[in-house]
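Subject: Structure handover

Hello,

The structure is below, as promised. My notes on it follow.

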Amino acid sequence: MKKFILSLALAALLVPVCAQIQVVHDLTCFGDSDGAVIAVPGSGTVPYTYLWSTTETTQAIHNLSAGTYSVTVTDALAATAVYTYNLTQPAQIVITAGTITPSTCDGFNNGAIDIGVSGGVPAYSYFWRDVKFDSTFYTEDIAGVRGGNYRIEVTDSWNCMVFD
């Protein structure tokens, strides 16, 4: 019986530290620093200590921007393992001008603006505003508009916004 208990104790000593890094919060918008990751041990001997590439020593790290983060997990028996995670961000939202059709005469409502949008996290919502007359539109492209200056705001599904 003592041999069996000793075998179990030795087996427990030989279990390597195993962990993974899990994302607690993805980066919301391009350029944000609101990401968070956590090291989750799966084996080894408690308690664990953590040393991140940011020099933090907590199990989770917060307020992260896009980049590669690594953590060294050490268990109570001084067994260590290093894990790395690449935290990515959504692509920057880009508005590209397509065809702009000027109004044929001041006061005529026959102008149009066609744009393209990429990046961010689709689907997008659109808010056009005629700067001078406060006319508003909620579509990607606008038509039947008078000559003037228009401002476009594009918001993606994660509430990231750009304007032009």
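Is Gly-116 buried, partly exposed or exposed? Gly-116 counts as partly exposed because its relative accessibility is 21%; buried means under 20% relative accessible area, exposed over 50%, and partly exposed in between, with a 1.4 Å probe and protein chains only.

On the source: this is a predicted model, in which local features need pLDDT of at least 70 and side-chain atom pairs count only at pLDDT 80 or more, while totals for chains, interfaces and linings use all residues. Residues are numbered from 1 along each chain as its sequence is written, and side-chain values use heavy atoms, without hydrogens and water.

Gly-116 sits in strand E8 (residues 111-118); strands are DSSP runs of E, at least two residues long, numbered from the N terminus. Leaving out residues up to four places away in sequence, Gly-116 touches Val-94, Ile-95, Thr-96 and Glu-140 (contact means heavy atoms within 4.5 Å). Thr-96 is 20 residues from Gly-116 in sequence, yet the C-alpha atoms are 5.1 Å apart.

Elsewhere, an open antiparallel sheet has four strands in the order E10-E9-E12-E13; two strands pair if DSSP finds at least two bridges between them. Its edge strands, E10 (136-137) and E13 (161-163), each pair on one side only. Strands E9 (residues 125-130) and E12 (residues 150-155) are joined by six bridges, and Tyr-126 stands opposite Val-154 in E12.

Regards
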